[in-house]
Amino acid sequence: VQLVESGGGLVQAGGSLRLSCAASGNTFSINTMGWYRQTPGNQRELVATITSGGSDTNYADSVKGRFTISRDNAKNTMYLQMNSLKPEDTAVYYCNAQGALGPWALDAWGQGTLVTVSS
């Protein structure tokens, strides 16, 4: 499975961005997908996850009420709508896909997209 993120950029505080993550390859093996973010010198942290059918979502407390995760399985694409952005949301955002392909576990990552929120 290959993952490609897009949609990052520079935005002022209070603004919005929508990130996309396009999956290709053995996409039938994907179950849960998620967004993570990382700043220099810090560990990668979970932002939000979504199950295969989209019925169950999970958010970090820091983004609840501001970010919305969704996925379109027909397009093999996951999204992260980010509203009311804050400077502390500045990070590289990574897409993750987990699942199984036969006896092998899937844990794929995209290359990341930079989000910069100016104050």
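Modeller: Happy to! Searching the whole structure turns up four salt bridges, a salt bridge being a side-chain nitrogen of Lys or Arg within 4 Å of a carboxyl oxygen of Asp or Glu. Please keep in mind that this is a predicted model, where local features need pLDDT of at least 70, side-chain atom pairs count only at pLDDT 80 or more, and totals for chains, interfaces and linings use all residues. Residues are numbered from 1 along each chain as its sequence is written, and side-chain values use heavy atoms, with hydrogens and water left out.

Let's start at R37. This residue is buried, at 6% relative accessible area (buried means under 20%, exposed over 50%, partly exposed in between, with a 1.4 Å probe and protein chains only). One partner of R37 is E45, with 2.7 Å between the closest N and O atoms. E45 is partly exposed, its relative accessibility being 37%.

R37 also forms a salt bridge with D89, at 3.0 Å from N to O. Because R37 sits in strand β4 and D89 in the loop between β8 (77-82) and β9, this pair ties together parts that are 52 residues apart in sequence. Both D89 and R37 are buried. Through shared partners, salt bridges link R37, E45, R66 and D89 into one network.

Another salt bridge joins K64 and D61, whose closest N and O atoms are 3.1 Å apart. D61 is exposed, with 65% relative accessible area.

Now to the strands, which are DSSP runs of E of at least two residues, numbered from the N terminus. Two of them pair if DSSP finds at least two bridges between them. β4 (residues 30-38), the strand that holds R37, pairs with β9 (residues 91-101) in the antiparallel sense over seven bridges. Within that pairing, G34 has N96 of β9 as its bridge partner.

With β11 (residues 113-118), β9 forms three bridges; Y93 has T113 of β11 as its bridge partner.

How values were computed. Helix = DSSP H or I, 4+ residues; strand = E, 2+ residues; numbered from the N terminus.
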